[in-house]
Amino acid sequence: MEYRCPECQGECTQQGEQWVCEKCHETMVLQPLCPECHKPLEVLKACGAVDYFCQNGHGLISKKRVDWQPVAG
C-alpha cells in the first residue's frame, strides 16, 4: 500500500504498525473505517488472516473496500 502524508503530501514508509513521512517526519497510524458509515472497524485476526467488521450493521468488510484514516501516532 502506498500512502501520502495528509500534512505535506510527502511519501510515507511503513515502520511496524506506524507510518512515517519521509519529508516532514510526521508519525501516524492508519485507522480502518467502514466505507458505508465511515466509523472505525473492528479488526479480526485469525490463522494469519485479517478481516474487518462493522459493528454498525454493515457486517464483514473486504480489506479492498476499507477506507483508511490517519491518526497521529
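**From one arginine to the cores**

Me: Is Arg65 buried, exposed or partly exposed?
Reply: Residues under 20% relative accessible area are buried, those over 50% are exposed, and those in between are partly exposed (1.4 Å probe, protein chains only). The relative accessibility of Arg65 is 40%. That makes Arg65 partly exposed.

Me: What should I keep in mind about the source, and what is the mean pLDDT of the protein chain?
Reply: This is a predicted model, with residues numbered from 1 along each chain as its sequence is written. Local features need pLDDT of at least 70 and side-chain atom pairs count only at pLDDT 80 or more, while totals for chains, interfaces and linings use all residues, and side-chain values use heavy atoms, leaving out hydrogens and water. pLDDT is the predictor's confidence in each residue, from 0 to 100. In the protein chain 97% of residues reach 70 or more, and the mean is 89.

Me: What pattern does the secondary structure follow along the sequence?
Reply: Helices (H or I, at least four residues) and strands (E, at least two) are DSSP runs numbered from the N terminus. The protein chain has zero helices and eight strands. Along the sequence, that reads β-β-β-β-β-β-β-β.

Me: Which residues make up the largest nonpolar core?
Reply: In soluble globular proteins, nonpolar side chains tend to be buried together. A nonpolar core here is a set of buried Ala, Val, Leu, Ile, Met, Phe, Trp, Tyr and Cys residues joined through side-chain atoms within 4.5 Å. The largest one has seven residues: Tyr3, Cys5, Cys12, Trp19, Cys21, Met28 and Leu30.

Me: Which strands each supply at least two residues of that core?
Reply: Tyr3, a core member, is found in strand 1 (residues 3-4). The strands that each supply at least two are strand 3 (18-21) and strand 4.

Me: How far is the C-alpha atom of Tyr3 from that of Trp19?
Reply: Tyr3 is buried, at 12% relative accessible area. Along the chain, Tyr3 and Trp19 are 16 residues apart.

Me: How many disulfides does the structure hold?
Reply: A disulfide would need a pair of cysteine sulfur atoms within 2.5 Å. For Cys5, which is in no disulfide, the nearest cysteine sulfur is that of Cys24, 3.8 Å away. For Cys54, also in none, the nearest is that of Cys37, 3.7 Å away. The number held is zero.

Me: How much accessible area do Leu44, Phe53 and Leu60 have together?
Reply: Patches take residues with over 30% relative accessible area and no salt bridge, joining like charges within 9 Å and nonpolar side chains (Val, Leu, Ile, Met, Phe, Trp, Tyr) within 5 Å. Leu44, in strand 5, is partly exposed at 31%. Areas come from the Shrake-Rupley method with a 1.4 Å probe, and for residues only the protein chains shown count as cover. Together, the three residues form a nonpolar surface patch with about 260 Å².

Me: What is the phi of Cys47?
Reply: Most residues other than glycine have a negative phi. Cys47 lies in the loop between strand 5 and strand 6 (49-54), and it counts as exposed at 89% relative accessibility. Its phi is positive although it is not a glycine, at about 55°.

Notes
A salt bridge is a side-chain nitrogen of Lys or Arg within 4 Å of a carboxyl oxygen of Asp or Glu.
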